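Dear colleague,

I am passing on the structure below, and after it you will find my notes on what turned up when I went through it. Please read them with the model open beside you.

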Amino acid sequence: MQGIGPAFNLTGINTSNTNIREASEVFVSDIFAKILNSAQNTELFKENKLIPESNAEKWMKEWINIEYATLITKQSLTPFVDQIVKSFPPQR
C-alpha cells in the first residue's frame, strides 16, 4: 500500500490532480480497511475455536483487508474519491 508522502512536501502542498487523486484513494482505502478490520473483531465474526488464532493469521487477515480495500476503492468507491478531489481548491 502506498503512503501519502508523495502527495505532500515540506515546502508546501502539491495540488496537482494526480497527487490529490492518489492521496484521496489511499485515504479512502485506509478508512475502508480499518472498517473491515474492526468488523472482523466483533463477536459476530469470531468463532469458538479450539486452537486460538496466531499473530501471523491476524496479520495476514489485516493485510488481505488492506489489499481488498485498495481494490474496492479503485473499482467501486470512485464517486467518493471524486468528491474528496473536488473538495480541494483549484490549482492557482
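Which pattern does the chain follow when it is read along the sequence? The order is β-β-α-α-α, and the secondary structure comes to 3 helices and 2 strands, where helices (H or I, at least four residues) and strands (E, at least two) are DSSP runs numbered from the N terminus.

Before the details, a word on the basis. This is a predicted model, in which local features need pLDDT of at least 70 and side-chain atom pairs count only at pLDDT 80 or more, while totals for chains, interfaces and linings use all residues. Residues are numbered from 1 along each chain as its sequence is written, and side-chain values use heavy atoms, with hydrogens and water left out.

As for the chain as a whole, buried residues make up 20% of its 92 residues; buried here means under 20% relative accessible area, exposed means over 50%, and partly exposed covers what lies in between (1.4 Å probe, protein chains only). The chain exposes about 7300 Å², of which carbon and sulfur atoms supply 60%, the areas coming from the Shrake-Rupley method with a 1.4 Å probe and, for residues, with only the protein chains shown counting as cover. Among contacts (heavy atoms within 4.5 Å) between residues at least 6 apart in sequence, 75% join residues at least 24 apart.

Salt bridges come next. A search of the whole structure finds 3 of them, each defined as a side-chain nitrogen of Lys or Arg within 4 Å of a carboxyl oxygen of Asp or Glu. Arginine 21 pairs with aspartate 82, with the closest N and O atoms 2.1 Å apart; arginine 21 lies in helix α1 and aspartate 82 in helix α3 (residues 78-87), so this pair ties together parts that are 61 residues apart in sequence. Arginine 21 is partly exposed at a relative accessible area of 31%, and aspartate 82 is likewise partly exposed, at 27%.

Lysine 74 and glutamate 25 form a salt bridge with an N to O distance of 3.4 Å, and this pair also links distant parts of the chain, since lysine 74 is in helix α2 and glutamate 25 in helix α1, 49 residues apart. Glutamate 25 counts as buried, at 17% relative accessibility. By contrast, lysine 34 and aspartate 30, whose salt bridge has an N to O distance of 3.9 Å, both lie in helix α1, 4 residues apart, or about one turn of the helix. Here lysine 34 is exposed, with a relative accessible area of 52%, and aspartate 30 is partly exposed, at 29%.

Turning to the aromatic rings, those of Phe, Tyr and Trp (its six-membered ring) pair if their centres lie within 6.5 Å, with planes under 30 degrees apart counted as stacked, over 60 as edge-to-face and the rest as tilted. By this rule the count comes to 1 aromatic pair. The rings of phenylalanine 32 and tyrosine 68 have centres 6.3 Å apart and planes at 40 degrees, so the pair is tilted. Phenylalanine 32 belongs to helix α1 (residues 17-40) and tyrosine 68 to helix α2 (residues 55-75), so their pairing ties together parts 36 residues apart in sequence. Phenylalanine 32 is partly exposed at 23% relative accessibility, as is tyrosine 68 at 44%.

Finally, asparagine 65 is found in helix α2 and is buried, with a relative accessible area of 6%. Leaving aside residues up to four places away in sequence, asparagine 65 touches Ala33, Leu36, Asn37 and Gln40.
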